[in-house]
Amino acid sequence: MPHISRRYYYYGKEIPKDEARFYAGMDKLEKHPLFGKLKGSVYMRGKYLQHKGSIAAVDSNGAVYVNVHRNLEAAEWEYVVAHCLLHLAFGHFDANKIPRDVNGEFRADLWNLACDIYVTRFLSDIRYGQPVVEDPAKKYRFKMNDEVKIYYHLLESEIGGQEHIPQSYGLNGLKGLDMAGLSKPVSYKEGEKNEYAHQFAWSLARSVTDTVSRESGNKRNAVKETVVTKAAGWFLSHYPLLGGVAASFKIIEDVDICQKYEIHIAAVDAELGEIYVNPVANLSEKEWRFVLAHEYLHAGLEHHKRCQGRDRYLWNVACDYVVNGWLHEMEIGDMPSEGLLYDEELKGLSAETIYDRIVKEIRKYTKMNTFRGFGKGDIMGGGGPGFGGMGKGVSLDEFFKNALREGLDYQLSDSWGSKSRGYLPAGLVEEIRALTMPPIPWEVELAKWFDEQFPPVEKHRSYARPSRRQGATPDIPRPSFVIRDEDRDARTFGVVIDTSGSMSDKQIGMALGSVASYAAAKEVPLVRVVFCDAEATDAGYLSPEDLAGRVKVTGRGGTVLQPALDLYQKMKDFPKNGPILIITDGYIENRLHVRREHAYLIPKGNRLPFQPKGKVFYFK
């Protein structure tokens with residue numbers, strides 16, 4: 001997308017540049033790598049600014065109105081306009097984001113206050129501009145990382161009971177809303193999108209890539225250009241998914257180092273931010289693209305961290321099979337003929353699953369050839385961070401997560417033409433999405449609950465289909481081991497999903513994603529799903545994959561879950577002993593009758609309005 005050229009108007013006419021402090025602030029905002037690219041026009045007039053102490057207001061059409069007669073410094077004007085632009089960028093006018101009560105109503109003044117608190121904390125966290133309002137953290141102790149949660153916290157506090165709520169953190173005085181026109185939120189038809197939010201996502205991804213490239217890429221110009229540096233440069237200009245990760249790595253082409261560490265083609269040390277390549281490997285530029293992408297994915301997906309007590313070399317082999325399978329699907333470069341672990345039969349399997357298979361056939365895999373060489377893994381350990389692309393105060397783990405997340409958004413951005421960017425395997429997209437989610441300490445407890453409900457499936461001997469060993473000795477009958485259909489069909493459970501307005505899409509997505517992963521791990525073929533707000537909606541049986549990625553949530557009204565539980569009792573095609581997992585935020589009726597094994601999954605900090613009989617798991 002091109003740079004946004006913003007103009008300043010006064011009653012429809014472009015004004016001369018004589019408002020020194022205002023223009024000084026705007027010049028700094030325009031040069032900022034993020035805020036300078038956000039959409040929105042600034043008008044220097046008093047529309048909507050009819051209240052005492054008014055400074056600025058913004059409407060859903062992208063118009064920011066400022067009172068230039070307020071005596072503000074340049075850094076304060078930066079802050080004011082950025083505050084207004086962020087209301088647009090965060091979709092605060094969008095009808096599908098605004099929380100509503102059982103009757104579909106919402107309090108505009110309370111929502112404006114919640115959004116102001118969220119934006120104020122955002123600007124405070126990134127230390128941008130000079131604040132013109134007090135930090136809400138001095139007054140409130142709850143987390144301020146979600147506008148909807150802030151709204152409900154305020155609604156339940158003393159402020160929620162006031163008829164006229166003072167806009168303490170807004171820019172339009174204590175009585176005015178700095179989000180004008182909230183009474184008519186913006187609704188988008190199918191295929192339409194919020195252009196302000198879309199621009200913000202693009203700008204954020206671009207600013208991260210530009211910053212990393214500038215900080216880490218300046219030295220690259222002084223390095224002698226080789227076939228490897230050409231291959232590395234290709235990712236910065238043509239492949240944004242891995243561009244942020246690629247820009248942060250120092251590529252070391254040194255024969256002596258490769259001989260010392262026995263590196264045949266390449267290896268990566270994610271903690272040092274270094275990729276070691278053997279210049280005498282005699283690969284083409286496209287082959288080096290494949291090799292470098294292989295190492296970037298090892299680092300970005302934190303394979304060096306996820307070993308978790310497994311054999312390091314065998315874990316490396318398992319990760320190689322997964323990464324090479326993805327790169328083959330993505331058609332990045334050319335596969336080298338040496339050091340390549342690739343098996344079409346392993347397509348779609350996770351590294352953990354492949355590792356388990358390797359352990360069962362350990363003799364076969366103990367001397368596989370990686371890009372480092374026979375019997376050696378190309379995922380190397382090392383010391384602390386050794387590159388400057390991360391930025392001060394950003395941990396190594398967080399940097400890799402952010403670089404891949406922003407790269408993925410950048411890669412899939414319509415503005416870059418998704419068709420020209422190539423195919424991304426669903427498994428890779430899911431791993432990146434999962435990696436960038438915050439850690440969930442409750443997953444171990446939830447896993448134990450699944451273990452209790454679904455013990456390992458017993459395999460039975462069968463002579464119906466010969467085992468693969470049969471071909472060598474056809475005269476000796478050997479059984480194969482199969483899972484009976486009746487055993488597999490009995491492995492199912494029900495999920496009740498609270499789709500009321502108080503449940504955010506992020507909360508529902510996190511809970512469903514975790515449940516789906518455990519369902520797949522426990523060989524649960526189908527899950528029965530019922531959505532419920534004031535009424536129950538039966539979604540039928542869904543596979544774990546559908547549960548995690550393609551479920552269309554219905555409802556979004558009030559919160560009464562008993563109809564969903566009653567519906568399970570009436571189902572003739574659902575096992576009588578099938579357990580039920582209830583996903584809710586806890587804002588439900590004061591009593592539930594559940595006549596079968598069940599458990600609750602609710603956000604941390606919330607609680608149920610009754611003493612539950614089933615287990616309760618809290619997620620963040």
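How many residues does helix H6 (residues 227–238) have, and how far does H6 reach from its first C-alpha to its last? Helix H6 has twelve residues and reaches 16 Å, close to the 16 Å expected at 1.5 Å a residue, the expected span being 1.5 Å times one less than the number of residues. The model is predicted: local features need pLDDT of at least 70, side-chain atom pairs count only at pLDDT 80 or more, and totals for chains, interfaces and linings use all residues. Residues are numbered from 1 along each chain as its sequence is written, and side-chain values use heavy atoms, with hydrogens and water left out.

The protein chain contains 19 helices and 18 strands; helices (H or I, at least four residues) and strands (E, at least two) are DSSP runs, numbered from the N terminus. Of its 620 residues, 50% count as buried, where buried means under 20% relative accessible area, exposed over 50% and partly exposed in between (1.4 Å probe, protein chains only). Among contacts (heavy atoms within 4.5 Å) between residues at least 6 apart in sequence, 69% join residues at least 24 apart.

In H6, the buried residues are Val228, Thr229, Ala231, Ala232, Trp234 and Phe235. These buried residues pack against H7, strand E7 (250–253), strand E9 (274–277) and H9.

Helix H7 (residues 240–248) packs on helix H9 (residues 285–300) at an angle of about 80°, with the axes 10 Å apart. H7 is therefore roughly perpendicular to H9, a term for angles of 65 to 115 degrees; angles under 35 degrees count as roughly parallel, over 145 as roughly antiparallel and the rest as oblique. Axes are lines fitted to C-alpha atoms, for helices over the stretch in contact, and angles run from 0 to 180 degrees between N-to-C directions. Leu242, Val245 and Ala246 of H7 meet Ala293, Tyr296 and Leu297 of H9. The residues of this contact comprise six nonpolar, no polar and no charged; Ala, Val, Leu, Ile, Met, Phe, Trp, Tyr, Cys and Pro count as nonpolar, Asp, Glu, Lys and Arg as charged, and the others, Gly among them, as polar.

H9 also lies across E7, E8, E9 and E10, running at about 25° to E8. An open sheet of four strands has the order E7-E9-E8-E10, with mixed pairing. E7 and strand E10 (379–380) are at the edges, each with a single partner strand, so one side of each is left without a neighbour in the sheet. Strand E8 (residues 266–269) pairs with E10 in the parallel sense over two bridges, pairing requiring at least two DSSP bridges between two strands. Met380 in E10 is the bridge partner of Asp269.
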